[in-house]
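Thank you all for coming.

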Amino acid sequence: MTVVIIGAGMGGLSAALALLQRGIRADVYEEAPELGEVGAGLSIQPNARRVIASLGLIDDLADDVVAANGAARRDYRTGAILSLNRYDQADWRTSETGVWFVHRADLHRALVAGIRRLAPDAIHLGHQFVGFTQQDEEVEARFANGQTVRGTALVGADGLRSATRAALFGPESPRFSGIVAWRGLVPMERIPPGLVSPDSCRWIGPTTRILCYPVRRRTLLNFVAAAANQTWQIESWKVHSDVSELLAAFEGADPAIHTIVSQTPPELLYKWALFDRDPLPTWTVGRVTLLGDAAHPMLPFLGQGAGIALEDGIVLARCLEAERDVPAALARYERVRKPRATTVQLESRANAQVPFDRAVETSLYGRISQRERADLEAYDATAVPI
Ligand SMILES: Cc1cc2nc3c(=O)[nH]c(=O)nc-3n(C[C@H](O)[C@H](O)[C@H](O)COP(=O)(O)OP(=O)(O)OC[C@H]3O[C@@H](n4cnc5c(N)ncnc54)[C@H](O)[C@@H]3O)c2cc1C
């Protein structure tokens, strides 16, 4: 069996590594000429940590993970703590609660290293997928560089604007949420000690919100800020923003936010419009399926998009290991994963609205309760019945 995977993001790489670990050949085709990830942080909840552990990447990440000591929601104007969770992560490798923070590039590098340890040539760069043809026993993928490859299965892990999804189900535009996000990294030495405490702090205002947390051995403070009611609609990880624009969006907010934002080096401040899509009726046709944002792009308001993509990868590999009939294995993968991914996709959308609808919001996580959050994080993709 050879699984052809389109896209070397978190989802495609986790699927490839999980397959290789089960002795199944996997090749990843990525359109970019070089591997890399943008400069931004990722929050990793316990459900995603179980996947990272089962992929054997804990040691690769040991120097990079920040195991958060707690999370607080602060008053938007005064900064007073409204709700607080403390996490005991003294043994961060095995702790079952709390959140880790990583730099996206560090997790990406760990996944690539894991794959190359098992299959040095499994990642193929400069391959932009343009279409496929499916037959009884195999599927052929075509690339813009003129090359074609054959496999027993094809997995589209090519993100929000997935060409695989369009090839399967026809073109359809993603849905603009009306929300624009900014992502920034601030060298920690520019932040007054104690300004962001505990590790994760979020301020939720009537039309804006910001979440801050440390990454890279606490040498950088990552923030993701969002503002509603916007019309600007460019979705790209490469558009720089201007500090004054972001400060204006947070006019009247806690001065701590202004201190953080104003210290952001211009080259480390990006902005992009947030899109998602409605759930698809199905992800799979025969030997071809979708995974990660290609299948279920979600807004970032539960911090779960990458986590759910990682889960997809493990479950896909488990299904292909358990069931050698490829269409049956892919159908099984979809049956296990679609309800879970759809729930998180729709909850993320609902959670986006809360702070923008209600000026006073007391839950740490927005609309969903602590209990619902715990249920979401309890999912174990490495053991869920398939
Ligand atoms: C502001 C923001 C904050 C977020 N914060 C978090 C967070 O804290 N925690 C979390 O878990 N998630 C978070 N997410 C979500 C997370 O970033 C995504 O869900 C995740 O990256 C999806 O991974 P993926 O592999 O499915 O897709 P992607 O990461 O988009 O990867 C797709 C890959 O496919 C490649 N590709 C695209 N088209 C083609 C083609 N035609 N041919 C070949 N290759 C192609 C791309 O170059 C890319 O490498 C956030 C998202 C946003 C926007």
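Helix H2 passes helix H8 in a left-handed crossing, meaning that the near helix is turned anticlockwise from the far one by less than a right angle. Please keep in mind that this is a predicted model, where local features need pLDDT of at least 70 and side-chain atom pairs count only at pLDDT 80 or more, while totals for chains, interfaces and linings use all residues. Residues are numbered from 1 along each chain as its sequence is written.

The contact, which counts residues whose C-beta atoms, placed from the backbone, lie within 7 Å, is made on the H2 side by Asn 47, Ala 48, Val 51, Ile 52 and Ser 54, and on the H8 side by Ala 306, Gly 307, Leu 310, Glu 311 and Ile 314.

Turning to strand E1, which covers residues 2–6, we find Val 4 in it. Is Val 4 buried or exposed? Val 4 is buried, because 26 other C-beta atoms lie within 10 Å, and the term calls for 20 or more, with 12 or fewer counting as exposed and anything in between as partly exposed. Leaving aside residues up to four places away in sequence, Val 4 touches Asp 27, Tyr 29, Ala 141, Val 149, Gly 151 and Leu 154.

Finally, the ligand has 33 residues around it, of which Gly 7, Gly 9, Gly 159, Gly 292 and Gly 305 come nearest; a residue is near if its C-beta atom, placed from the backbone, lies within 6 Å. H8 gives the most to this shell, with 4 residues.

Conventions:
Helices (H or I, at least four residues) and strands (E, at least two) are DSSP runs, numbered from the N terminus. Two residues are in contact if their C-beta atoms, placed from the backbone, lie within 7 Å.
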